[in-house]
Amino acid sequence: MGIMKTDPQKRGDYWCIQGWTNTLEKLHLDVDVVFFGNSITRGSSFEKYFPNVTICNLGYPGDNLDGMLLRVNQIKAVNPEKVFVMAGINGLYIQTEQVFTEKYVTMVDSIKQVVPNAKIYLQSILPVNPSMKDGKLFNKEKIAKCNDIIRIVAGQKGCIYVDLYRLYAVNGIMPTELTRDGIHLFPESYDRWAEEIRKYIEEPSDY
């Protein structure tokens with residue numbers, strides 16, 4: 001597994017994450033699908049779109065690539081057949097593209113190591129609306145470049161790239177009617193996301 005450059009035990013949420021992971025491990029679950037991400041993933045309710053699929057939502061508000069690296073054992077704990085990853089928006093405004101690439105690759109390698117038989121779907125970063133409060137720190141050009149990086153990493157690592165960006169972007173911007181603050185989606189805005197991934201959710205898990 002990739003090594004974080006800082007001591008993970010110095011994170012304020014370290015022991016909370018360990019406790020959360022321990023709970024998942026002791027549930028002895030075998031789920032069909034894991035959604036792994038930050039608050040955008042956390043806000044989803046994909047179980048309503050796929051009632052016959054066992055889904056575990058591992059969305060953690062505010063999580064960045066370092067934090068998601070720390071949590072990959074949560075994926076292992078629930079033994080999924082498929083893993084849908086959305087990562088990278090948190091902390092993006094202070095990262096270079098090189099640092100983003102290094103952290104993203106390390107996270108993907110770590111996921112592949114803990115669930116080697118799972119299909120992994122790397123979902124693009126969604127557009128933001130810079131005219132709204134939570135979108136002000138980001139620019140559409142950097143998001144587009146990082147989505148290109150995610151697409152390339154998916155090809156290199158044998159993962160499937162899922163382009164959600166195009167479903168939401170209008171001239172590179174998230175329309176105000178789809179987001180409550182410039183980044184996070186309204187509940188009904190997940191409809192198009194669910195329909196886009198339906199083909200992947202419903203396809204056989206065997207390669």
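Let's start with helix 8: its 13 residues (190–202) should span 18 Å at 1.5 Å a residue, and its end C-alpha atoms are 17 Å apart, which agrees. The expected span here is 1.5 Å times one less than the number of residues, and helices (H or I, at least four residues) and strands (E, at least two) are DSSP runs numbered from the N terminus. This is a predicted model, where local features need pLDDT of at least 70, side-chain atom pairs count only at pLDDT 80 or more, and totals for chains, interfaces and linings use all residues. Residues are numbered from 1 along each chain as its sequence is written, and side-chain values use heavy atoms, leaving out hydrogens and water.

W193 touches I40, F46 and M86, among others. W193 and I197 are also among the residues with the most contacts inside the largest nonpolar core, which has 62 residues. Such a core is a set of buried Ala, Val, Leu, Ile, Met, Phe, Trp, Tyr and Cys residues joined through side-chain atoms within 4.5 Å.

Now for the sheet. Five strands form an open sheet in the order 2-1-3-4-5, with parallel pairing; strands pair if DSSP finds at least two bridges between them. Strand 3 and strand 4 share five bridges, and F84 has Y121 as its bridge partner in strand 4.

Notes:
Buried means under 20% relative accessible area, exposed over 50%, partly exposed in between (1.4 Å probe, protein chains only). Contact means heavy atoms within 4.5 Å. Lists of a residue's contacts leave out its neighbours within four places in sequence.
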